[in-house]
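I wanted to go through this fold with a notebook open and jot down what I looked up. Here are my entries, in the order I made them.

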Amino acid sequence: FTETEGSGYVKLQEAVLLDELYSYQIGIVMSISTLKFLKLLRFNKRIGILSGTLRECAKELQSYSVCLMVVFLAFVALFWLLLGRYIREFSTLIYALESTISLMLKKFDYEEMYAAQPILTPIAFFAFSLATSVVLINIMLSIIIQSFERAKHDVANQGNEYEILDFFIGKVKSWMGAGSAKVKPAPQMYQDKKIAPDTVAAFPAKVYRLVEFINDFYFDGHMDYNRKDL
């Protein structure tokens, strides 16, 4: 710049490339750092059920994703071969893939597709809508719902972290004076056993019945209650 006094051409492609790569790295690091905060949400029971649901349906969704990709790529190839020569959005395989995803999102120009192939387009579009929106999506929802029910009723998958969090919150509130710490009651073996008044009042009658039983069983009813040497 000094030699040319500002009139020369300076190549900035490498600087732009490095800046772009740096932006990508910052984005990836920020995304991973944000996802790390999900660990703090593991104390919440709803988040625990969500993570349990994902663990339950992980294997089933892996098999389902293979089936979904095969069916989806089959329709991508169908639309590419059917409309690639007439519509720019389906001219290449990559464009056909993007346009097929737009079909799933209900963002497409059906009139242009119908004008290109008036006979085969309705059949292909109906088969695609039936296979993806009706069959495959409902199967995925069924897998997730069943896994959610299993995770919700599986108490073993929920650890004691919830109790730890409640204890921690209670301690913080007690330190701040916002609440009182919960004191667990003493075990039953250390509690004072109080005799009910009805039991005390009925004790003489029970003793009298016991003495009557001993008199009838051992002394044939001839025991003298006035003797003190018994």
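Predicted model: local features only at pLDDT ≥ 70, side-chain atom pairs only at ≥ 80, totals over all residues.

**Entry 1**

Then I went along α5 and wrote down the buried residues: T121, A124, F125, F128, S129, A131, T132, L136, I143, S147 and A151. An α-helix has 3.6 residues a turn, so residues three or four places apart point the same way. I kept that in mind while reading the list.

I checked the length of α5 next. α5 has 34 residues and runs 48 Å from its first C-alpha to its last, close to the 50 Å expected at 1.5 Å a residue. I also looked for a bend, and found one of about 25 degrees at I137.

**Entry 1: the whole protein**

I stepped back to get the overall layout. I counted 7 helices and 0 strands, and along the sequence the pattern reads α-α-α-α-α-α-α. The protein has 230 residues, and 16% of them count as buried. I then asked what part of the contacts with a separation of 6 or more comes from residues 24 or more positions apart. For this protein the figure is 61%.

**Entry 2: salt bridges**

How many salt bridges does a search of the whole structure find? I got 2.

In one of them R150 pairs with E56, with the closest N and O atoms 3.4 Å apart. R150 sits in helix α5 (residues 120–153) and E56 in helix α2 (residues 45–83), so this pair ties together parts that are 94 residues apart in sequence. The side chains of R150 and E60 also meet in a salt bridge, at 3.9 Å from N to O. Here again R150 is in α5 and E60 is in α2, so the pair links parts 90 residues apart in sequence. Through shared partners, the salt bridges join E56, E60 and R150 into one network.

R150 is partly exposed at 35% relative accessibility. E56 is partly exposed at 28%, and E60 is partly exposed at 33%.

I picked two C-alpha pairs to look at. L50 is in helix α2 and counts as partly exposed, at 48% relative accessibility. L50 and A151 are 101 residues apart in sequence, and their C-alpha atoms are 8.2 Å apart in space. A151 is one of the buried residues of α5.

For the second pair I took I139, which lies in helix α5. I139 is partly exposed at 37% relative accessibility.

**Entry 3: the nonpolar core**

Which members of the largest nonpolar core touch the most other members? The core has 16 residues, and the ones I wrote down are F79, L83, I87, F90, L103, M113 and F128. At least two residues of this core come from each of α2, α3 (93–104), α4 (110–116) and α5. The largest share, 6 residues, is from α2.

I followed F79 further. Leaving aside neighbours within four places in sequence, F79 is in contact with G84, F90, T100, L103, M113, A124, F125 and F128.

**Entry 4: cysteines**

I looked for disulfides and the count came to 0. C57 is buried, with a relative accessible area of 1%, whereas C67 counts as partly exposed at 40%.

Where is K106 found? I located K106 in the loop between α3 and α4. Most residues other than glycine have a negative phi, and most peptide bonds are trans. The phi of K106 is near 65 degrees, a positive value in a residue other than glycine. K106 is exposed, with a relative accessible area of 53%.

How values were computed
Residues numbered from 1 in each chain as written. Heavy atoms only, no water. Salt bridge = Lys/Arg side-chain N within 4 Å of Asp/Glu carboxyl O. Helix = DSSP H or I, 4+ residues; strand = E, 2+ residues; numbered from the N terminus. Buried < 20%, exposed > 50% of the residue type's maximum accessible area, 1.4 Å probe, protein only. Core = buried A, V, L, I, M, F, W, Y, C linked by side-chain atoms within 4.5 Å. Contact = heavy atoms within 4.5 Å. Disulfide = S-S within 2.5 Å. Expected span 1.5 Å × (residues − 1). Bend = angle between axes of the 7 residues up to and from the residue.
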